[in-house]
Amino acid sequence: MQVARLVPDVAPDAPSVSPLPQAGNAFGDLVDAASGVLAGADDAERAFAAHRGGLQEMVVERARADIALQIASASAQRVTQGLQTLLGLQI
């Protein structure tokens with residue numbers, strides 16, 4: 001009886017893949033940016049309530065904050081879907 005060593009199949013010239021250094025905390029940066037925009041909208045509302053700011057500035061800042069919140073929530077949903085897909089793979 002002869003025992004042969006098992007060698008896994010590997011591409012001969014497989015490139016090494018490394019993650020992008022700037023993508024390490026991209027989602028955290030997105031949430032921080034959305035938080036900053038929301039804080040700016042709150043400041044604009046406070047300024048309008050104190051008669052130091054205009055109605056247009058308040059409405060524009062609130063619209064920017066709503067868009068940033070929509071982008072952050074859509075990104076969170078896509079990240080969650082991606083993780084669910086990866087975790088559902090049979091390895």
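Aspartate 43 has a relative accessibility of 45% and so counts as partly exposed, where buried means under 20% relative accessible area, exposed over 50%, and partly exposed in between (1.4 Å probe, protein chains only). The model is predicted, so local features need pLDDT of at least 70 and side-chain atom pairs count only at pLDDT 80 or more, while totals for chains, interfaces and linings use all residues. Residues are numbered from 1 along each chain as its sequence is written, and side-chain values use heavy atoms, with hydrogens and water left out.

**Salt bridges**

Side chains of opposite charge can pair when their charged atoms come close. A salt bridge is defined here as a side-chain nitrogen of Lys or Arg within 4 Å of a carboxyl oxygen of Asp or Glu. By this rule there are four salt bridges. The table gives pairs from among them.

| Pair | N to O distance |
|---|---|
| Aspartate 43 and arginine 46 | 2.9 Å |
| Glutamate 45 and arginine 62 | 2.9 Å |
| Arginine 64 and glutamate 61 | 3.3 Å |

Both aspartate 43 and arginine 46 belong to helix H1, where three residues, about one turn of the helix, lie between their positions in the count. Helices (H or I, at least four residues) and strands (E, at least two) are DSSP runs, numbered from the N terminus. Arginine 46 has a relative accessibility of 52% and therefore counts as exposed.

The salt bridge of glutamate 45 with arginine 62 has an N to O distance of 2.9 Å. Glutamate 45 is in helix H1 and arginine 62 in helix H2, so this pair ties together parts that are 17 residues apart in sequence. Glutamate 45, at 31% relative accessibility, counts as partly exposed, and so does arginine 62, at 23%. Asp42 is linked with Glu45 and Arg62 in a network of salt bridges.

Arginine 64 and glutamate 61 are three residues apart in helix H2, so about one helical turn separates them. With a relative accessible area of 45%, arginine 64 is partly exposed.

**Helix H2**

Helix H2 covers residues 55-88, which is 34 residues. From its first C-alpha to its last it reaches 49 Å, close to the 50 Å expected at 1.5 Å a residue; the expected span is 1.5 Å times one less than the number of residues.

Which residues of H2 are buried? Met58, Ala65, Ala68 and Ala72 are buried in this helix. Helix H1 (26-49) is included in what covers the buried residues of H2, with contact meaning heavy atoms within 4.5 Å.
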